[in-house]
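Thanks for asking me to look this one over. Here are my notes, in numbered points, to read alongside the model.

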Amino acid sequence: MPQSLRHALESGRFDRLAMALSGLCVAHCFLTAVVLGLLASAGGIFDSPIFHEAGLALAILMGAIALGHGALVHRFMMPAAIGSLGLGIMAGALTMDHGWQESAYTLLGVAILALGHDLNHRASH
């Protein structure tokens with residue numbers, strides 16, 4: 001494992017980065033659903049399925065690295081389990097039609113994933 005990645009994992013930076021990404025996801029979902037929904041031409045870009053699929057893939061990758069590393073280091077599986085639940089809810093939301101239900105499930109999943117990262121960060125320190 002590269003030294004910089006190891007340092008980021010051990011210092012909790014990776015979890016903080018993942019939580020920041022969760023915050024950006026919340027902002028994206030809110031802006032897409034409320035603000036950009038009013039502007040049909042701009043809303044189409046950010047409402048594209050590939051945008052959501054790429055975001056979920058990034059969340060899964062970061063979650064696997066940060067939460068998996070945390071579980072191995074502090075031997076506490078709850079953060080990884082909670083984070084995985086959040087990822088699962090987010091993945092399930094991708095199967096839904098675009099609308100308020102999809103946004104609600106996505107935001108719920110993001111919040112649960114962020115909680116998992118927060119617990120992981122706390123358990124590491």
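1. A word on terms before the details. A residue is called buried when its relative accessible area is under 20%, exposed when that area is over 50%, and partly exposed in between, using a 1.4 Å probe and protein chains only. Helices (H or I, at least four residues) and strands (E, at least two) are DSSP runs, numbered from the N terminus.

2. Please keep the origin of the model in mind. This is a predicted model, in which local features need pLDDT of at least 70 and side-chain atom pairs count only at pLDDT 80 or more, while totals for chains, interfaces and linings use all residues. Residues are numbered from 1 along each chain as its sequence is written, and side-chain values use heavy atoms, leaving out hydrogens and water.

3. The protein chain has six helices and zero strands, giving the pattern α-α-α-α-α-α along the sequence. Of its 125 residues, 35% are buried.

4. Helix 4 covers residues 49-74, and its 26 residues reach 36 Å from the first C-alpha to the last, close to the 38 Å expected at 1.5 Å a residue. That expected span is 1.5 Å times one less than the number of residues. Its buried residues include His52, Leu56, Ala59, Met62 and Gly63, and also His69 and His74.

5. How many salt bridges does a search of the whole structure find? The search finds one, counting a side-chain nitrogen of Lys or Arg within 4 Å of a carboxyl oxygen of Asp or Glu. The partners are Asp118 and Arg122, at 2.9 Å from N to O. They sit four residues apart in helix 6, so about one helical turn separates them. Asp118 is partly exposed at 22% relative accessible area, whereas Arg122 is exposed at 58%.

6. Now for the largest pocket, which has a volume of about 360 Å³. Of its 22 lining residues, Cys25, His52, Gly55, Leu56 and Met90 are the closest to its centre. Helix 2, helix 4, helix 5 and helix 6 each supply at least two residues of the lining. A pocket here is an open set of points on a 1 Å grid over the protein atoms alone, where a 1.4 Å probe fits, with protein on both sides within 12 Å along at least five of seven lines; lining residues have an atom within 4 Å of a point. The volume is the space filled by probe spheres set on the points, which are joined across faces, edges and corners.

7. Two pairs link parts of the chain. His98, in the loop between helix 5 (78-94) and helix 6 (100-124), has its C-alpha 9.8 Å from that of Ser48, 50 residues apart along the chain. Ser84 belongs to helix 5, and its C-alpha is separated by 9.3 Å from that of Gly109, 25 residues apart along the chain. His98 is partly exposed at 42% relative accessible area, and Ser84 is partly exposed at 45%.
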